[in-house]
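Please keep the sequence and the model open while reading this note.

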Amino acid sequence: MRIGVLGGGPAGLYFALLAKRADPGHEVTVVERNAPDATFGWGVVFSEETLGALRDADYPSYLEITDTFARWNAIDVVYGGRTVRSRGHVFSAIARKRLLEILQRRCREVGVELAFRRELPDLDSFADRDLVVAADGVNSTARRLLAPHLRPTLDVHRSKFIWFGSDLSLDAFTFIFRTTEHGMFQVHAYPFDAETSTFIVECTEDTWRAAGLDQAGEEESITACQDLFAPELDGRKLLSNRSLWISFVTVRCQSWHHGNVVLLGDAAHTAHFTIGSGTKLAMEDAVALSQALQRHPAALAAAATDYELERQPVVERFQEAARDSASWFENVRRYHGFDPVQFACNLLTRSGRIGHLELTRRDPAFAATVDRFFAGRPGLLLPPPPLFVPLGQRGVTLANRVALAVGAEDDATGGRLAEAAARRLGEAAAAGPGVVVSELVVAAPDGRITPGTPGLWAEDQAGAWAALAREVAGRGSTLALRLGHAGRRGATRPRRSGVDRPLPGDQAWPLLAASAIPYTAASQVPESMDVGDMERVADQFAAAARRAAAAGVQVLLLDLAHGHLLGGFLSPLANRRDDEFGGSLEGRLRFPLQVVDAVRAAWPGDRPLWASLTVTDWAPGGLAPEEAVAAASALDGHGCDLLQVTAGQTTAVTRPDYGRLSLVGWSDLVRNDADVPTMVGGSLTTADEVNTVLAAGRADLCLLDPRTYTGA
């Protein structure tokens with residue numbers, strides 16, 4: 001086979017080496033635009049997993065690469081005047097220039113032809129090749145020429161960064177955070193030999209412009225960064241290699257091959273540098289493509305498809321982690337004021353690849369320090385994990401940070417809680433959570449979701465809740481009663497018959513909503529509420545709150561979510577009013593805050609009032625993130641002690657993101673931008689996930705999905 005490789009970086013060279021080594025009969029040529037000793041980076045980091053793949057693929061180059069490694073196992077986080085160290089993180093790095101030298105020499109040993117200083121504006125020079133491997137980087141010529149077939153997307157990140165070297169000798173992967181009058185700057189630094197380190201400086205574009213760095217050239221940027229990080233550099237210098245401020249571009253391609261052209265490494269995909277996986281992923285691509293060709297020596301299309309099927313899922317997982325990591329650094333101002341220990345924990349767990357349990361395995365001392373901080377007990381030798389730390393609010397203390405929510409079975413009669421429903425809640429309390437959250441309990445008959453929705457609009461409905469509150473307390477837990485009004489999602493059949501299926505007309509009741517917009521095409525058209533309706537409903541909520549308080553309920557959770565009445569007022573998709581109760585967020589909040597004020601006045605001052613809040617509609621034109629933060633701040637200002645973060649269901653047609661821990665990022669946003677305690681669910685399935693979320697300061701209470709532990 002005649003193989004042409006476009007690009008002489010680590011990926012292109014390593015593939016050429018492996019292809020020629022697998023079959024010396026292959027004619028392999030690498031064409032590179034730059035000189036053989038040119039490199040536009042400093043150090044390259046490898047994981048232990050990648051090293052295993054390199055060892056198996058080509059042992060001679062593996063030996064030479066690993067013989068020159070800088071190795072370390074610590075991460076230092078410099079923040080708030082302290083340096084917090086976490087150990088047990090194994091890293092290996094090599095100078096990029098040295099890596100290229102090794103791979104170039106090894107290619108020549110096996111007979112690969114290397115051509116440098118040769119610019120190819122197109123692929124015509126490879127027209128006689130059976131296979132063309134495009135390893136020509138993020139600005140790939142091949143990807144541009146074949147864009148209609150490869151369907152690439154390029155996502156330009158919001159931050160600016162500049163890639164330096166330094167003669168500073170480090171013994172840890174070091175993150176430095178420096179707050180200035182212009183904003184926060186951060187450094188990602190790591191050693192790659194005994195005397196030299198990579199030193200990347202990053203900041204938001206606003207900070208970059210405010211500091212005047214948008215007008216700075218290479219020398220001015222070096223001087224500015226050396227002055228800014230002079231305490232850490234300690235007289236050492238920053239080194240430039242055409243170092244300029246740029247924005248990272250995440251590359252994704254729907255297909256990695258077309259015809260006889262196959263993309264490799266950054267030409268096909270990139271992952272943000274904050275997880276340090278670019279060269280690692282590219283060289284793993286080279287291994288996978290080489291092996292696919294060996295499995296399908298006579299079928300190039302099958303080999304390319306095999307390679308793609310193997311590598312795309314792996315790369316997509318890394319890109320997802322890299323997206324979360326990059327977002328963390330872009331929004332790091334959110335954690336201003338964090339204690340350095342919790343800040344370090346939040347940073348280390350930012351991408352979801354490391355959790356509390358893994359931190360404990362890697363560095364028990366660091367994990368114990370985190371747990372002592374969270375528990376507020378610095379003298380404990382063996383502090384409890386975060387989920388077992390009590391949560392106190394007003395006059396109520398929850399025994400731990402785990403919440404269990406009990407689903408609705410629509411089995412109430414006349415609004416009275418069914419014995420089976422009470423039994424379900426009691427059994428949940430017996431499982432040991434700090435709080436048990438009820439199904440929706442409505443403040444009025446016309447607020448029911450189905451005929452079987454429980455309520456608190458009458459005195460004879462309170463007795464069952466009083467007995468249940470005593471039972472839950474006797475089991476060491478706390479009852480949180482979710483109080484709401486279904487709004488335009490009401491008058492539906494029991495959900496075991498399907499969700500949002502309207503009742504027959506002769507069984508339904510009139511519905512209320514912010515606007516006269518049905519929830520689904522088949523739903524009843526609700527009545528748009530007038531001021532009199534609003535006053536009446538607010539009074540109904542207050543009366544229900546008084547009944548709950550008299551029944552001994554300790555926590556009241558107001559429902560401003562799930563497309564129900566109050567949540568519908570908040571969303572521009574459900575609230576199309578042109579009066580003072582619509583339009584801007586201030587207008588859309590007006591009636592929900594009226595209800596909150598009425599309930600807070602009726603609810604005992606020594607008991608917490610919570611609210612569930614939709615933070616994104618998961619639909620075009622819905623709530624914006626900044627509106628979610630503003631709404632959370634308003635609820636906090638009106639006496640809500642904690643917010644349950646929810647998403648979607650405002651409209652029947654949504655684009656939900658049910659990924660792993662799908663609501664945790666939203667909880668982080670609300671908790672730390674609005675400075676309000678949060679409860680979060682979203683597929684939290686293990687104690688480790690709960691401990692990680694809590695320890696990192698992304699939520700204060702976690703709704704656990706118990707099925708991992710029950711086997712259900």
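1. At roughly what angle do the axes of helix α12 and helix α14 cross? This is a predicted model, and in it the axes of α12 (residues 340–348) and α14 (residues 364–375) cross at roughly 125°. The two axes come within 9 Å. Angles of 65 to 115 degrees count as roughly perpendicular and those over 145 as roughly antiparallel, so α12 is oblique to α14. The crossing of α12 past α14 is left-handed.

2. Which residues make this contact? On the α12 side they are V341, Q342, A344, C345 and L348, and on the α14 side F366, T369, V370, F373 and F374. Sorted by class, the contact of α12 with α14 holds eight nonpolar residues, two polar ones and no charged ones.

3. The next pair is helix α19 (residues 585–602) and helix α20 (residues 625–637), whose axes come within 11 Å and cross at roughly 30°. Angles under 35 degrees count as roughly parallel, so α19 is roughly parallel to α20. The crossing of α19 past α20 is right-handed.

4. In α19, the residues L585, R588, L589, L593 and V596 meet α20 at E627, A630, A631, A634 and L635. By class, the contact of α19 with α20 has eight nonpolar residues and two charged ones, with no polar residue.

5. Helix α1 (residues 10–22) and helix α4 (residues 96–110) have axes that come within 9 Å and cross at roughly 25°. The two helices are therefore roughly parallel to each other. The crossing of α1 and α4 is left-handed.

6. From α1, the residues P10, L13, Y14, A16, L17, K20 and R21 take part in the contact. From α4 come R96, L99, L100, L103, Q104, R106, C107 and V110. The contact of α1 with α4 divides into ten nonpolar residues, one polar and four charged.

7. What is the volume of the second largest pocket? The value is about 1200 Å³. The second largest pocket is lined by 37 residues, and R323, D324, R350, L661 and G665 are the closest to its centre.

8. Which elements give two or more residues to the lining of the second largest pocket? They are α11 (300–330), α21 (664–673) and α22 (687–695). With nine residues, α11 gives the most to this lining.

9. By class, the lining of the second largest pocket has 15 charged residues, twelve nonpolar and ten polar. When checking the helix contacts in the model, compare this list with the contact of α12 with α14, where there are no charged residues.

Note on methods
Residues are numbered from 1 along each chain as its sequence is written. This is a predicted model: local features need pLDDT of at least 70, side-chain atom pairs count only at pLDDT 80 or more; totals for chains, interfaces and linings use all residues. Side-chain values use heavy atoms; hydrogens and water are left out. On a 1 Å grid over the protein atoms alone, a cavity is a set of points where a 1.4 Å probe fits but cannot get out, and a pocket is an open set with protein on both sides within 12 Å along at least five of seven lines; lining residues have an atom within 4 Å of a point. Grid points are joined across faces, edges and corners, and a volume is the space filled by probe spheres set on the points. Helices (H or I, at least four residues) and strands (E, at least two) are DSSP runs, numbered from the N terminus. Ala, Val, Leu, Ile, Met, Phe, Trp, Tyr, Cys and Pro count as nonpolar, Asp, Glu, Lys and Arg as charged, and the others, Gly among them, as polar. Axes are lines fitted to C-alpha atoms, for helices over the stretch in contact, and angles run from 0 to 180 degrees between N-to-C directions. A crossing is left-handed if the near helix is turned anticlockwise from the far one by less than a right angle, and right-handed if clockwise. Contact means heavy atoms within 4.5 Å.
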